[in-house]
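Dear colleague,

Please find the structure we discussed below, together with its sequence. My notes on what was found in it follow.

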Amino acid sequence: MNVAPPKKLGELFFGFLWIGARSFGGVLPWAYRTMVEERRWITHADFTETIGLCQFLPGPNIGNASIVLGKRWFGLAGSVVAFLGLMALPFVWVLALFAVYNDFSANPLVKAIVTGVGAAGAGLFVGTAVKLGRALAKKPAALVLIAACFLCVAVARFSLVAVIPAGLLLAWLAARRDWL
Amino acid sequence: MTLVELALYFGLLSLISVGGMPSVMPEMQRFVVDVKGWLTPGEFLQAFAVGQAAPGPNVLIASLIGWKVAGIPGAVVALLAFCFPAAVLAWWVAELWDRFKDAPWRRTTQRAIAPIVVALILSGGFVIATPDSPDWRLWLIAGSSAAAMLLVNVNPLWMLAGGGILGALLL
């Protein structure tokens, strides 16, 4: 399959704007459709590799992807343009939706529906964790780490500022011994 | 003053948010609700819900929290503070990461991060579904949506819609 990166900054901007504009239910599938299937900016393998890196880096995954790809194609200007294109419309959508919600939030039915949506969203996190965790299920050290980390963060409510460095250090030592 | 505090704290979270926004939801909730009292637990859950239901990256939840705390300037500051430090890091690391594709430490690091990310995302789900004291109805909705996600491969918006319906019936 022939792929060619965007030629102009404007093309990059509108590509990412288009991703952001229709990304109902998660950005990743739309980013894939736009960049790999429709506009053919990058290959499937390249996309997967880039997203893999961005999932590993701190920060919003798809936001980081816009920085990395923008830089690759147009340097600093590309990063800024891709990031702004991606965020512009969703930022307006979400504030508008929240403004509408705030007008109706005194209505108990609206409040119940939105709370239900929030709980379902929390469930999607749990589902994502299970999906990602399946690959680790056969490694006892990984399960111990997951359980310990969960207890520290979700139950004891320790600050992540302490838990993440400590957890990463332990995990790194375990990974070096091939326990992970 | 609040804006500065918000910027500094979200900037710090940006740098430790391995796995993205879901990983730092417990910490955001702890800070914004428990430590600062800027939002009630219920308001936090509802801001999260709106952020999930709207199209776009889920990082926009940060801007809704910022809005609640300090209006539109708060929304802009929170979003940029959460994105900028990580973006600078991504900008520098991307090439380095490619260059060390086959280095053993890179594989070690990747394997080390995986279980931490799983635990953080799981914690995010738990904390959001447990805003005050445990409520079986919220857990039932969250459990159903998790199960549906694992069993059928459809747009997650359907799970959110189902959650809204269950919310209307149960809550």
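This is a predicted model: local features need pLDDT of at least 70, side-chain atom pairs count only at pLDDT 80 or more; totals for chains, interfaces and linings use all residues.

In chain B, helix α6 (residues 136-151) and helix α7 (residues 157-170) pack at an angle of about 155°, their axes being 10 Å apart. α6(B) and α7(B) are therefore roughly antiparallel to each other. The crossing in which α6(B) passes α7(B) is right-handed. On the α6(B) side, the residues that meet α7(B) are B:R137, B:I141, B:S144, B:S145, B:A148 and B:M149. Their counterparts in α7(B) are B:M159, B:G162, B:G163, B:L166, B:G167 and B:L170.

Helix α4 of chain B (residues 60-99) also deserves a look. Its 40 residues would reach 58 Å as a straight helix, at 1.5 Å a residue, yet the end C-alpha atoms of α4(B) are only 32 Å apart. A bend of about 145° lies at B:A70 in α4(B), and a proline, B:P73, follows within four residues.

Turning to the contact between the chains, 85 residues of chain B and 75 residues of chain A take part. On the side of chain B that touches chain A, at least two residues come from each of α1 (2-16), α2 (21-35), α3 (41-53), α4, α5 (104-129), α6 and α7. The largest share of that side, 22 residues, is supplied by α5(B).

Finally, chain A is assigned domain 1 (1-108) and domain 2 (129-180). The C-alpha centres of these two domains of chain A are 30 Å apart.

With kind regards

Methods: Residues are numbered from 1 along each chain as its sequence is written. Chains are lettered from A and ligands numbered from 1 in the order in which they are written. Domain bounds come from an automatic or database domain assignment. The expected span of a helix is 1.5 Å times one less than its number of residues. The bend at a residue is the angle between axes fitted to the seven residues ending there and the seven starting there. Axes are lines fitted to C-alpha atoms, for helices over the stretch in contact, and angles run from 0 to 180 degrees between N-to-C directions. Angles under 35 degrees count as roughly parallel, over 145 as roughly antiparallel, 65 to 115 as roughly perpendicular and the rest as oblique. A crossing is left-handed if the near helix is turned anticlockwise from the far one by less than a right angle, and right-handed if clockwise. Two residues are in contact if their C-beta atoms, placed from the backbone, lie within 7 Å.
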